[in-house]
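Hi there,

Here is the structure I promised to pass on to you. Have a look at it first, and then read my notes on the helices and the ligand below.

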Amino acid sequence: MSSLKIQSKHAAPNELTADVIAVGVLATGKKGEFGAAVGVLDEALGGAIAKAAAKDDFTGKRGQTLEIQTLGRLEADCVVLHGLGDAETLKAEAIRTFAAKASRCAQAAKAATLALVIPEILEKESRTIGEGLELGVYRFTKYFTGDRVPKHALEKVQVVYASKASAETKKQLELGQKIGVAINRTRDVGNEPPNVLYPESYADLAVKMCKEHGLECKVFDFKEIQRRGMKLLQAVGQGSTHEPHFVHMTYTPEKKARKKIVVIGKGVTFDSGGISIKPSAGMGDMKADMSGAGNLLGFMEAIAAIQPDVEVHAIAPLAENMPDAKAYRPGDIWGSLDGRTVEIVNTDAEGRLILADALAYGRALQPDLLIDNATLTGACVVALGATCSAFYASTDEAGAAFQRAVDAAGETMWRMPLLEDLRDQLKSDVADVKQAGDRMGGSITAAMFLREFIGEQKHWVHVDIAGPAYLDKAVGWSGKGATGHGILTFLALVEQAAE
Ligand code: BES
Ligand code: MN
Ligand code: ZN
């Protein structure tokens, strides 16, 4: 995977040698006051910036941009001002989006080099800026040929600081870039078509990534899945010629671990719905039904870069949900790794089944916190829209810790309740539990089904990423397609645990 060459730089704005100069501008509330760097550039351009700003009502409001062609008066072809809004309300989400938009716009303008001038108050946010720069240039072009192969890519970025960057600032910038590259790896696997990305090929990617980054990786094939009694994973996966797999990646810190965290990800590499087949419109998007598992690849790559004093396990149950003579059916009763039996009512509610076995496996590691993330329900998207995840927590302590991580990372997630009133929906006349409840409250009952399989595990958080994992239009620092949404929150959570 190609990545940017990012350097820190301390230079006068009018002496920068880059194709595009992008400047982050705080909203001061005072007309035409955009800080010293813009002042210098404006002077070099004979007042063109002030004039264009007045004409376009550019005030530095968050999300506003203003582009000025230099017409040869500077080395750069153009100067772009990016509004950052009020300094007091400037948080991770907006900072990352600023950097991503700057690199994305520069790449779209066919620039090879970008100078990103950042206001002094953002110097300590270098990690977030490094993340954003790398996330902004992401595109999935691997299957293009001939004219469709992109001829231009942004190659180099100078991050321009008001004073000389400290060693710590440089380190944070570099770490941010590594995290951005890791998230882009997750985006790549989410965008891969399901004929290329299936359980076994995911496992191969996991083994390769773990080898590259010094992580441990165990893979169970179909035989081993059956031998261990992961019956629900078997049920979901047996209708496909691509056999189910199970992947367990581990990061062990050099120093004594302060905490142990297990993160599980749903890995349905294609969800046709099985015998309870889905309508064909939009079915192709179900290639991204492995986004929970996809997140684990980027997450673990980033963990290897951060090296926290926390033991981290990432667990992916992988299956392709297909209709077939061998496929499981509505009406079936299956056992599970937990030992309890499940009445199948709809083969399209497959995610919770493979997660149930993964939760039973994960809880045996006795972590301080057990997390799962999954593109689990359409009901979640109905409840919160396409840009927000739902999370559920077994304890308020875990819920509060997770909320802190969400806030630090700047991802959009909302805590939902495990409503005991709905529990009856999962009662079965013929097995220990029924797989699914009614349509109403579908995200909640899915979470409550999962809770049935956490056993003695106290702290557990379930994240339903069905909406934001895969977008049909660009939002914030993510373009169309697979996003890697969730990774940053899980990283923040692990870093919190290391404190
Ligand atoms: N993978 C889907 C959920 C989904 C829907 C993810 C839309 C992303 C976007 C899941 O396996 C599913 O089909 N869930 C069913 C459950 C129902 C049958 C109880 C759903 O949400 O309709
Ligand atoms: Mn489904
Ligand atoms: Zn699914």
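Let's start with a pair of helices: α10 (residues 351–363) and α13 (residues 442–451) have axes that come within 9 Å and cross at roughly 30 degrees. Because angles under 35 degrees count as roughly parallel, over 145 as roughly antiparallel, 65 to 115 as roughly perpendicular and the rest as oblique, α10 is roughly parallel to α13. Helices here are DSSP runs of H or I with at least four residues, numbered from the N terminus. Each axis is a line fitted to C-alpha atoms over the stretch in contact, and angles run from 0 to 180 degrees between N-to-C directions.

The crossing of α10 and α13 is right-handed (the near helix is turned clockwise from the far one by less than a right angle). On the α10 side, the contact (heavy atoms within 4.5 Å) is made by R352, L353, L355, A356 and L359, and on the α13 side by A446, F449 and L450. Sorted by class, this contact of α10 with α13 has seven nonpolar, no polar and one charged residues. Ala, Val, Leu, Ile, Met, Phe, Trp, Tyr, Cys and Pro count as nonpolar, Asp, Glu, Lys and Arg as charged, and the others, Gly among them, as polar.

A word on the source: this is a predicted model, in which local features need pLDDT of at least 70 and side-chain atom pairs count only at pLDDT 80 or more, while totals for chains, interfaces and linings use all residues. Residues are numbered from 1 along each chain as its sequence is written, chains are lettered from A and ligands numbered from 1 in the order in which they are written, and side-chain values use heavy atoms, with hydrogens and water left out.

Next come α3 (residues 92–108) and α4 (residues 126–136), which pack at an angle of about 40 degrees with their axes 7 Å apart. That angle makes α3 oblique to α4, and their crossing is right-handed. The contact of α3 with α4 has seven nonpolar, four polar and three charged residues.

How do α5 and α9 run relative to each other, roughly parallel or roughly antiparallel? They are roughly antiparallel: the axes of α5 (residues 167–191) and α9 (residues 291–306) come within 7 Å and cross at roughly 160 degrees. Here too, α5 passes α9 in a right-handed crossing.

Finally, the ligand. Of the 15 residues around ligand 1 (a heavy atom within 4 Å), K278, D289, D348, E350 and G378 come nearest. An oxygen atom of ligand 1 is 2.8 Å from a side-chain N or O atom of D348.

Enjoy exploring!

How values were computed
Helices (H or I, at least four residues) and strands (E, at least two) are DSSP runs, numbered from the N terminus. A polar contact is a pair of N or O atoms within 3.5 Å; within protein, one must be able to donate a hydrogen and the other to accept it, and residues adjacent in sequence count only if both atoms are side-chain atoms.
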